[in-house]
Amino acid sequence: MKFVTAISLIGAASAFAPSQQTVRTQTSLNLWGEPPQKDGEKGEMSKAIPFVPRPKLLDGTLAGDVGFDPFGFAGADKQSLVYMREAEIKHSRLAMLAVVGWPLAELWDKPLADELGLPSLLTKTGESPSLLNGGLDKVDVAYWVAVAALAGIVELENADAKEAKGKDYVPGDCNFDPLKLFPEDKAGQMAMQTKEIKHGRIAMMAILGFAIQEAIYGTPVVAETPFFFQPAF
């Protein structure tokens, strides 16, 4: 009787145990994004970080793509990737303009303002106005209206380019190339886009450095690093 009871208990317990034929899979969280192939298969490695797998979406199609996405900003699908590239290229262009305009303002704003009899927009220590430095309240409202209007025009042109070019649309295309710098051939276009995005990424880091450096030291970047902005002779 005890034997029969034991067999019954074993049989009941086995009903809740996983089948021997069940294939066990192991899923691991990957900080560097979803790998290009299934776990256990040998896939491509990131060019930026050779010891980690290349994220699935970063297949080299976009200019400047070296498989680097440590925080998974690219998203889970192609649509989110294109959206983030659109944001990146627009911020890159703004940063490239800002990284030139920031030191030029510190060099030329006061002399030009004195020449024209206008108040200087720089801070008391000669820094460019910013959120951290202050001084943005000195800027005329007309300037902000003009900036907003220009941004609206650019966005409208961008939307027109998306609609007109369809599948041939390239993220960041605003139908603006007055000097005809964009090459006609595919290889040249990719090279030009790669240069733009790389310069933009450097500019974004540089303008962040400008803002933090001036906020901490209270000195204009042109004075903190004069060898970059003053003639050597």
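The model is predicted, so local features need pLDDT of at least 70 and side-chain atom pairs count only at pLDDT 80 or more, while totals for chains, interfaces and linings use all residues. Residues are numbered from 1 along each chain as its sequence is written, and side-chain values use heavy atoms, with hydrogens and water left out.

Select Ala95, Val99, Trp102, Ala203, Ile207, Phe210, Ala211, Val221 and Val222, the nine residues of the largest nonpolar core (buried Ala, Val, Leu, Ile, Met, Phe, Trp, Tyr and Cys residues joined through side-chain atoms within 4.5 Å; buried means under 20% relative accessible area, exposed over 50%, partly exposed in between, with a 1.4 Å probe and protein chains only). At least two residues of this core come from each of α2 (78-116), α4 (186-217) and α5 (221-224), helices being DSSP runs of H or I with at least four residues, numbered from the N terminus. The largest share, four residues, belongs to α4.

Next, select asparagine 133, in the loop between α2 and α3 (141-165), which counts as buried because its relative accessibility is 16%. Its side chain makes a polar contact of 2.7 Å with that of glutamate 214 (N or O atoms within 3.5 Å; within protein, one must be able to donate a hydrogen and the other to accept it, and residues adjacent in sequence count only if both atoms are side-chain atoms).

Finally, select methionine 84 in helix α2, which counts as partly exposed because its relative accessibility is 34%.
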